[in-house]
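I opened this notebook to keep track of what I looked up, one entry at a time. The entries follow the order in which I went through the structure.

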Amino acid sequence: KIWSEMVEMGWTGIIVPEQYGGSGLGYLTFGVVLEEIGRQLTASPLYASSLVGASALMLGGNEGQKQMYLPKIVDGTAIFTLAIDEGPRHDPSRLGVRVTKDGSGYFLSGDKTFVLEGMTATHLMVAVGSGEGSRLFIVASAAAGVSREPLATFDSRGYANIHFDAVSLNEDDAIGGVGELERLLDRARAAVASEMLGTGSQAFDMTLEYLKTREQFGQVIGSFQALGHRAAELFSQMELSRSCVEAALQAIDDDSDDVAELTALSKARAGDFLFQMSNQLIQIHGGIGMTDEFDAGFYLKRARTLETLFGNRAFQKDRYARMMGF
């Protein structure tokens, strides 16, 4: 029901151009929606399909592929996701899944791990390595040779490990070329940083409200200097993160030359804030923060999963430092 309402409100077509049924409002607008989704811990394929999947088609798809798939993403009848990681850590430079050419077609074999929305996606965008770099192939989840194994994660989302056993493909299933994968990942990272910002912002609001209402020693605990200073520091981190995230999304909309740098910075900064904020959410709330009846635990679990998606803080800081020549 929630997914149908998202489709009806047009969220699935925010970045899709109007000629394919979308509204073409851009990544910064999508970021606002993802921030609110992060605040409410809303489980949906909106990010995986309407942001990552649509971005892949818009960046590397030919006109026929765009005409075929983008309207289906917009109306919610097709759910796309990116299958890239092959181990416990995000490392797009090492892709073991390969395609072998067979006449006019291909055979795809290998394994992908921790695929976001892997159990509900109707189509998988599989990143494969080759001697020329990396490419993406569109694979129907129901295709012969595709098997999915559900994963139990901290945030109780629909992740899956996916096995490909000589899946038959043709040239029409290939999208993008060398360099397109990194451009896609930049968009995915900047967008997930928006959701991370929303999750951390809600955790901050919950904590601030508690500081204003919880009384100890005859006064609200927010009046204690140590806790006031801690809240001020967290607020500063939140606003710095917002500046970085919005700058990255605006750079994508403007097709700026510094998209990669700003994306790495936004994911790293949002990761730092969310990590600290989710810890402080538990600590400042004290005993109630440790209970299953209180929502703090849900935000902590979701925070830990989001931090690792498409590269954790260490990955993004190293990437940023390299690009800046440090």
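**Entry on a surface patch.** Before looking for patches I noted the rule, which takes residues with over 30% relative accessible area and no salt bridge, and joins nonpolar side chains within 5 Å. The model I am reading is a predicted one. With that rule in hand, I found that Met-323, Met-324 and Phe-326 form a nonpolar patch on the surface, and that together they have about 330 Å² of accessible area. I then looked up Met-324 on its own and found it in the segment after α9, the helix that covers 313–323. Met-324 has a relative accessibility of 39%, so I wrote it down as partly exposed.

**Entry on the whole protein.** I listed 9 helices and 10 strands in the protein. Along the principal axes, the C-alpha atoms fill a box of roughly 80 × 40 × 35 Å. For 326 residues a compact globule would have a radius of gyration near 20 Å, and the 21 Å of the protein agrees with that. Of these 326 residues, 51% count as buried.

**Entry on a sheet.** Next I followed an open sheet of 4 strands, whose order is β2-β3-β7-β6 and whose pairing is antiparallel. Because β2 (98–102) and β6 (146–150) stand at the edges with a single partner strand each, one side of each is left without a neighbour in the sheet. From one strand to the next, the twist averages 10 degrees. I also looked at the pairing of β3 (residues 105–115) with β7 (residues 160–170), where 8 bridges join the two antiparallel strands. Lys-112 stands opposite Ile-162 in β7.

**Entry on backbone angles.** I kept in mind that most residues other than glycine have a negative phi. The relative accessible area of Phe-114 is 42%, so I noted it as partly exposed. Phe-310 also has a positive phi, near 55 degrees, and I found it in the loop between α8 (296–308) and α9. With a relative accessible area of 4%, Phe-310 is buried.

**Entry on salt bridges.** How many salt bridges does the structure hold? I noted 17 of them, and looked up some of these pairs in turn.

In the pair of Lys-317 and Asp-272, the side chains meet in a salt bridge at 3.1 Å, N to O. Since Lys-317 lies in helix α9 and Asp-272 in helix α7 (residues 259–285), this pair ties together parts that are 45 residues apart in sequence. Lys-317 counts as partly exposed, at 40% relative accessibility.

Glu-182 forms a salt bridge with Arg-189, and their closest N and O atoms are 3.7 Å apart. Glu-182 is partly exposed at 34% relative accessibility, whereas Arg-189 is buried at 0%.

Glu-307 and Arg-304 also form a salt bridge, with 3.1 Å between the closest N and O atoms. Both residues lie in helix α8, 3 residues apart, which is about one turn of the helix. Glu-307 counts as buried at 7% relative accessibility, while Arg-304 is partly exposed at 22%.

Key. Residues are numbered from 1 along each chain as its sequence is written. This is a predicted model: local features need pLDDT of at least 70, side-chain atom pairs count only at pLDDT 80 or more; totals for chains, interfaces and linings use all residues. Side-chain values use heavy atoms; hydrogens and water are left out. Patches are made of residues with over 30% relative accessible area and no salt bridge: like charges are joined within 9 Å, nonpolar side chains (Val, Leu, Ile, Met, Phe, Trp, Tyr) within 5 Å. Accessible areas come from the Shrake-Rupley method with a 1.4 Å probe; for residues, only the protein chains shown count as cover. A salt bridge is a side-chain nitrogen of Lys or Arg within 4 Å of a carboxyl oxygen of Asp or Glu. Buried means under 20% relative accessible area, exposed over 50%, partly exposed in between (1.4 Å probe, protein chains only). Two strands pair if DSSP finds at least two bridges between them. Axes are lines fitted to C-alpha atoms, for helices over the stretch in contact, and angles run from 0 to 180 degrees between N-to-C directions. The radius of gyration is taken over C-alpha atoms; the globule rule is 2.2 Å times the number of residues to the power 0.38.
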